[in-house]
Amino acid sequence: AISDAIRNHYLILLLGLAALVAAIVSWTRQPGQRAQFDRLILRLPFVGEIAAKFATSQMARTLATLLGGGLPLVNALDIASKSVGNQHIARELDVVGARVREGVSFSAALEARGVFPEVAVKMAEVGESTGALQEMLNTVADFYDEEISTNMERFVTLVEPVLLVAMGIVIAGLLLALYMPLFQLSSVLAG
């Protein structure tokens, strides 16, 4: 019944899927909606964790590079917020920059936002207290790059068997669809 419905209405299903994708794309292009979409991504179970680590790595690497170039922290935060791909985290980084401009320490401003991972906040705190913020930010970026790599390898290791089983089911379904009429024909001819 399901295969008949899909076969009979495949064009409508494809158009509906295309319309859904177009609606999501146009929604994310409206001002402010991209940040909401990125916020939703951060809340997803597996993908959100990787997206947060990636954005934190981007932020830390950019800040370390800018601080190494001699830029003050406040200016570096303004530039780094524009370079982070996740718009929600970029907005939070803008707030962090404003708080640092008001005199709050960088690590305290990061911690107050509650978006950045605890490890990054603690390492920023150590970097501030020792005067080695640039080195600590590079360490944070390296740490999260390694975490992302490990998570992706684990994900691929888990997905490979699932894909093999799914392909086996699809191939078995195709074989049954091809040979079932032959079996029915032979039973009709024999009977």
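Predicted model: local features only at pLDDT ≥ 70, side-chain atom pairs only at ≥ 80, totals over all residues.

Biologist: Why are α5 and α6 called roughly antiparallel?

Modeller: Helix α5 covers residues 73-83, and its axis crosses that of α6 at roughly 170 degrees. The cut-off is over 145 degrees. Therefore α5 and α6 are roughly antiparallel to each other. Their axes come within 9 Å.

Biologist: Which residues of α5 and α6 make the contact?

Modeller: From α5 come Leu-73, Val-74, Leu-77, Asp-78, Ala-80 and Ser-81. From α6 come Ala-90, Leu-93, Asp-94, Val-96, Gly-97, Val-100 and Arg-101. Eight of the residues in this contact are nonpolar, two are polar and three are charged.

Biologist: What residues meet where α6 packs on α7?

Modeller: Glu-92, Val-95, Val-96, Arg-99 and Val-100 are on the α6 side. Phe-106, Ala-109, Leu-110 and Arg-113 are on the α7 side. Six residues of this contact are nonpolar, none is polar and three are charged.

Biologist: Why does Val-104 count as partly exposed?

Modeller: Its relative accessibility is 23%. Buried means under 20% and exposed means over 50%. The value for Val-104 falls in between, so Val-104 counts as partly exposed. Val-104 is found in the loop between α6 and α7. Beyond its neighbours within four places in sequence, Val-104 is in contact with Arg-99 and Ala-109.

Biologist: How do you know that Asn-151 is buried?

Modeller: Asn-151 has a relative accessible area of 7%. The limit for buried is under 20%. So Asn-151 is buried. Its place is in helix α9, residues 133-190. With neighbours within four places left aside, Asn-151 is in contact with Phe-46, Glu-49, Ile-50 and Lys-53.

Biologist: What makes Arg-91 partly exposed?

Modeller: Arg-91 lies in helix α6 and has 43% relative accessibility. Exposed would need over 50%, and buried would need under 20%. Therefore Arg-91 counts as partly exposed. Residues up to four places away do not count here, and Arg-91 touches Gly-32 and Ala-35. Arg-91 and Arg-7 are 84 residues apart in sequence, with 46 Å between their C-alpha atoms.

Biologist: Now the whole chain. How many helices and strands are there?

Modeller: The chain has nine helices and zero strands. Along the sequence the pattern reads α-α-α-α-α-α-α-α-α.

Biologist: How does the radius of gyration of the chain stand against that of a compact globule?

Modeller: A compact globule of 191 residues would be near 16 Å, but the chain has 26 Å. The C-alpha trace spans about 90 × 35 × 25 Å along its principal axes.

Biologist: What share of the residues in the chain is buried?

Modeller: Buried residues make up 27% of the 191 residues. As for contacts with a separation of 6 or more, 52% are between residues 24 or more positions apart.

Methods:
Residues numbered from 1 in each chain as written. Heavy atoms only, no water. Contact = heavy atoms within 4.5 Å. Helix = DSSP H or I, 4+ residues; strand = E, 2+ residues; numbered from the N terminus. Nonpolar A, V, L, I, M, F, W, Y, C, P; charged D, E, K, R; others polar. Buried < 20%, exposed > 50% of the residue type's maximum accessible area, 1.4 Å probe, protein only. Rg over C-alpha atoms; globule rule 2.2 N^0.38 Å. Axes fitted to C-alpha atoms, helices over the stretch in contact; angles between N-to-C directions. Parallel < 35°, antiparallel > 145°, perpendicular 65-115°, else oblique.
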